Amino acid sequence: MSPRQTPIDMVRNIGIMAHIDAGKTTTTERILFYTGRTHKLGEVHDGAAEMDWMDQERERGITITSAATQVHWRKHAINIIDTPGHVDFTAEVERSIRVLDGAVALFCAVGGVEPQSETVWRQADRYHVPRIAFVNKMDRIGADFYRAVQMMKERLGAHAVPIQIPIGAEEGFRGVIDLVRMTARVWPSDEKDERGTQFVDGPIPADLQETAAEWREKMLEAIADYDDEFAATFLDGSEITNERLLAGIRQSTIKAHITPVLCGSAFKNKGVQLLLDAVLDFLPSPIDLPSIKGSDPRDGVIKTRHAKDDEKFSALAFKVMSDPYIGRLTYIRIYSGTLQAGSYVHNATNDRNERVGRLLLMHANDREQIEEARAGDIVAIVGLKHTFTGHTLCDVDHPIILEAMSFPEPVISIAIEPKTKADQDALGTSLQKLAEEDPTFRVRQDKDTNQTIISGMGELHLEVLVERLRREFKVEANVGRPQVAYCETLTQPTEIEYRHIKQTGGKGQYAVINLVIEPQPHGTGFEFINAIVGGAVPREYIPAVEQGVIDAMTSGPLAGYPVVDVKVKLVDGKSHAVDSSEMAFKIAGSMGFREGARRCKPQLMEPVMSFEVTTPDDYLGDVIGNLNQRRCKIEDISSRPQAKVVRGTVPLAEMFGYATALRSLSQGRATYTMQFSHYEPVPHDVADKITGHAKSVA
């Protein structure tokens, strides 16, 4: 085994996360430039960003797929994942956050905390990821650092602690004050230094000394709240060294007690080097975090794996990609041990051994071949055939299953069909490959119409996937109008006996089952309970009953939408020594559930989205009037400089074509964002129309 190039305590695995258009990719581009990974500054608006490597990303100016790279700063290795900000690609963020040790949360100094910022913040909370915050775009009109910090506290419940404050704002933004060292960094006002490499470190300007002292005091108090030793020194009035202060901030950040806040303007090259310093100073290395736990698939015993090279190997696959040149790429985060190219690993999730073909260190879509990877590394493997997102890879002789990831259900569907006979053969394979890559993309065949239905997280999500079919897989397809992913649920319990008895000469079919069908709270899912005693239904037929119920749940009694959140208990039944079979019990399970579900007062449920519309004051009345026509519930109207922000919830079915409507209402000046919130019952008058339409189509 070759010696480690970078000690594990000098490795950082971080993600850059934020709302769309807060400047994530621009910040990442500056990091690549300052660390020497690239030698020119790539701009998103020019379509030249390194990390936005897909054609569609460059054309649309947004990040669609998370991209990984490794940079070096102050002899440390930083693995960075640049995640998408658009809510339709939330799965990319979810799976990236799951494998990171720390994150940089970016906020726009004008917009502050926006809806997708809240979503990614909650995802990071779920996986206990320590964060630092960077308030970007301080040079923009309407920039307000202190308002952004206040919004972090109010909307995110974050203990946001500025460790820098800005010198000036908007066009007057020229530097930052470091509250740890109590010095100022000022960038020259002339535009000769376009790269941000020239700056002056010096004393704090006289007019800001009082403000700096006040914010430093708040910073010290925040650390003292979580560090008793530090609190004692602080209350005594003893001098606190910079080293002790940095250690206190680091400790509180790693434990997620506080979120240090920095500021700057990535586009104007101000503050990014200080952000890199903060990543090293405050975010954890793999050994600063608790060791990862998992269960032994053989006996369920909880095992621990420490972040050491000499531990047994364990890793989590967090992304699968189809590369046109080298085939299937599986991105993994190694939690313990080492991995050699050409070796065998065990996939504990599906109990299969796989051979590691090649190991690659990724830089966006470029790659560097390596012979081995170690604890703390994020690498891609070529050659794994049966490993998907969320699967655990481990040592062949020491299996362990790490906690997997959960992804939201798709909320929107469209029918898709090939344009030509040649496209027909390629369409199924191509859709399968896309579904392997993206856990929130689903493909199914509609039994009634025989159409292929694809489902995803939003109109943009499906638009991008159809475009990828054309560009990457050379498949031309026609798509139908978007359809809402309604579902059906039951509102009261029932008990049913179903008899499936057919005698047609020769061997017949005989299956009698008694089912208790009950509704469950929304989001609970399906539960099947075998409550048979005394062998009334032979054990070998019980899985067939469950499978029959699952099949019947794909098409509900009201309008043929999937039935969700149901508990089915098999309590009794009868079998026949000759005529009973798995098929007979499967049919009984399916028909019994269908008949029982009709008695349970089924109810249609629809996806409800939370939205935020930002509009100039002049158009507020028109915007609200239009929203009210869409069955919307307005929760809050707040003010921003020269704008009003309307927040609330609205059924997804009412929001098709809203982008065009909003543009015409506001002369193109209003913007909106929308993301899935929850499912709720459809009002009776609307439900009658939907079920009537579904039955007329059928």
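1. Val512 has Lys574 of strand 34 as its bridge partner. Eight bridges join strand 32 (residues 509-519) to strand 34 (residues 566-574), and the two run antiparallel. Strands here are DSSP runs of E with at least two residues, helices are runs of H or I with at least four, and both are numbered from the N terminus. Two strands pair if DSSP finds at least two bridges between them.

2. On provenance: this is a predicted model, where local features need pLDDT of at least 70, side-chain atom pairs count only at pLDDT 80 or more, and totals for chains, interfaces and linings use all residues. Residues are numbered from 1 along each chain as its sequence is written, and side-chain values use heavy atoms, with hydrogens and water left out.

3. The open sheet has four strands, ordered 31-32-34-33, with mixed pairing. Strand 31 (494-502) and strand 33 (527-530) stand at the edges with a single partner strand each, so one side of each has no neighbour in the sheet. Neighbouring strands are turned by 25° against each other on average, direction ignored.

4. Two helices lie across this sheet's strands. Helix 12 (residues 542-553) lies across strands 32, 33 and 34, at about 155° to strand 33. Helix 13 (residues 582-599) lies across strands 31, 32 and 34, at about 35° to strand 32. Axes are lines fitted to C-alpha atoms, for helices over the stretch in contact; angles run from 0 to 180 degrees between N-to-C directions. Contact means heavy atoms within 4.5 Å.

5. Helix 6 (residues 209-224) packs against helix 7 (residues 228-236) at about 140°, axes 8 Å apart. That makes helix 6 oblique to helix 7 (under 35 degrees is roughly parallel, over 145 roughly antiparallel, 65 to 115 roughly perpendicular, the rest oblique). Helix 6 contributes Glu217, Leu220, Glu221, Ile223 and Ala224; helix 7 contributes Phe230, Ala231 and Phe234.

6. The whole structure holds nine aromatic pairs. Tyr486 and Tyr561 form a tilted one, 5.3 Å centre to centre with 55° between the planes. Rings of Phe, Tyr and Trp (its six-membered ring) pair if their centres lie within 6.5 Å; planes under 30 degrees apart are stacked, over 60 edge-to-face, the rest tilted. The two tyrosines are 75 residues apart: Tyr486 is in the loop between strand 29 (483-484) and strand 30 (487-490), Tyr561 in the loop between helix 12 and strand 34.

7. Phe145, Tyr146 and Trp215 form one aromatic cluster.
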